[in-house]
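Subject: Structure for you to look over

Dear colleague,

I am handing over the structure we spoke of, and below it I set out what was found. Please read the notes with the coordinates open beside them.

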Amino acid sequence: MLRIRFSTADLTRVTLAPRPDQLWEVLLSLHALQAPRPEPHLARWRADVATGPKVRALARLAPPRGYSPDFLTPGDAEGGLASGLDAVRRTPSRRLSAELCLLGGGQTPPAWARRLAAGDRHELVELTAGLGAYHRQALVPHWERIEKVVDDEVVARTRVLATRGTDEFLGSLHPALTWRNPVLELAGDHVTGELDLAGRGLRLVPAYFCRQAPTLLADPGLPPVLIYPADPERRRPPASAAPADPAAVAALADLLGGTRATALRAIGDGCTTTELSRRLGLSASAASYHATILRSSGLITTERVGPAVTHQLTVLGSDLLSQGRARR
């Protein structure tokens, strides 16, 4: 068991990734690809993935059980695949050596991995190219499904926080997680010890290919991240007309994130998708996407009036904005 210890400051610094983390999905899908007994819903995906030499080489860095190097899933991937791959490409040689030495597992690493551990930058460039190629081959054809499952999870978790508060939110993430304020316990034989967040907060990342227990980075000195399964069968809690209490609204404001908080403010007294697009400086499709998440979270309503689609704040959305103004 691992005990994750929160301070009061940490509870205000819990964030929920609004979309799939592409490098975590790459790593976890490599685990799933090697699982001896694949889960039924992944059988078709596995059949579609061509496991040639380059994919098998990547799999040597991502065994289905045990340690995988932390440098494969940098925090920069929150900004997209290109940002994540660039961060992998910039991994310092000392870190490569330290993390690859932990990989072993009793097996002699292949020559290319030994060169990578020695700081060979050409091998590092080849590795990032291989990660990108695998992403295009194995994940992109299925990305619509991956994104929908994670979106549904984000909506469900946001509603829980808005209607039931922080304790219920942290306590209902996954059966392997138990919240006993101020400690979140993660059960499993893959983790042990204690992680003190020490004011750094915790980033929660729902992941499509995380199919068993939640997981974390191995190095406690890195920014804390908890990866947990986005459950495609999860039933969403019912929408509520208003949050349970002001503390729930404040916590929701912290969790919502910059873009969607800005979108909520931009809707204000009401606007069309075209107006929202202009106010945010985004494409119409991007504005519509953010509006869909806000609507599914119970923060806005949407109505078609003639050719236009108009968005309005709900009671919960208005309370969230009011709480945000009061805190500034």
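W45 is buried, its relative accessible area being 5%; please bear in mind throughout that this is a predicted model. F209 is likewise counted as buried, at 3% relative accessibility, and Y208 at 7% also falls under the 20% limit.

The rings of W45 and F209 make a tilted pair, with 4.7 Å from centre to centre and 50° between the planes. Because W45 sits in helix α3 (residues 43–48) and F209 in the loop between β6 (202–207) and β7, this pair ties together parts that lie 164 residues apart in sequence. Y208 and F209, by contrast, have ring centres 5.0 Å apart and planes at 85°, so their pair is edge-to-face. The count of aromatic pairs comes to 3.

Turning to the pockets, the largest has a volume of about 1,200 Å³, and of the 43 residues that line it, H31, P64, G66, H190 and T215 are the closest to its centre. Helix α2 gives the largest share of that lining, with 5 residues, and by class the lining has 26 nonpolar, 8 polar and 9 charged residues.

Lastly, helix α9 (residues 143–164) spans 31 Å from its first C-alpha to its last, close to the 32 Å expected. Of its 22 residues, 16 are buried, and the helix is followed by G165, which has a positive phi near 95°.

Best regards

Notes: Residues numbered from 1 in each chain as written. Predicted model: local features only at pLDDT ≥ 70, side-chain atom pairs only at ≥ 80, totals over all residues. Heavy atoms only, no water. Helix = DSSP H or I, 4+ residues; strand = E, 2+ residues; numbered from the N terminus. Expected span 1.5 Å × (residues − 1). Buried < 20%, exposed > 50% of the residue type's maximum accessible area, 1.4 Å probe, protein only. 1 Å grid on protein atoms, 1.4 Å probe; cavity = no way out; pocket = protein on both sides within 12 Å on 5 of 7 lines; lining within 4 Å. Points joined across faces, edges and corners; volume = space filled by probe spheres on them. Nonpolar A, V, L, I, M, F, W, Y, C, P; charged D, E, K, R; others polar. Phe/Tyr/Trp six-rings, centres within 6.5 Å; stacked < 30°, edge-to-face > 60°.
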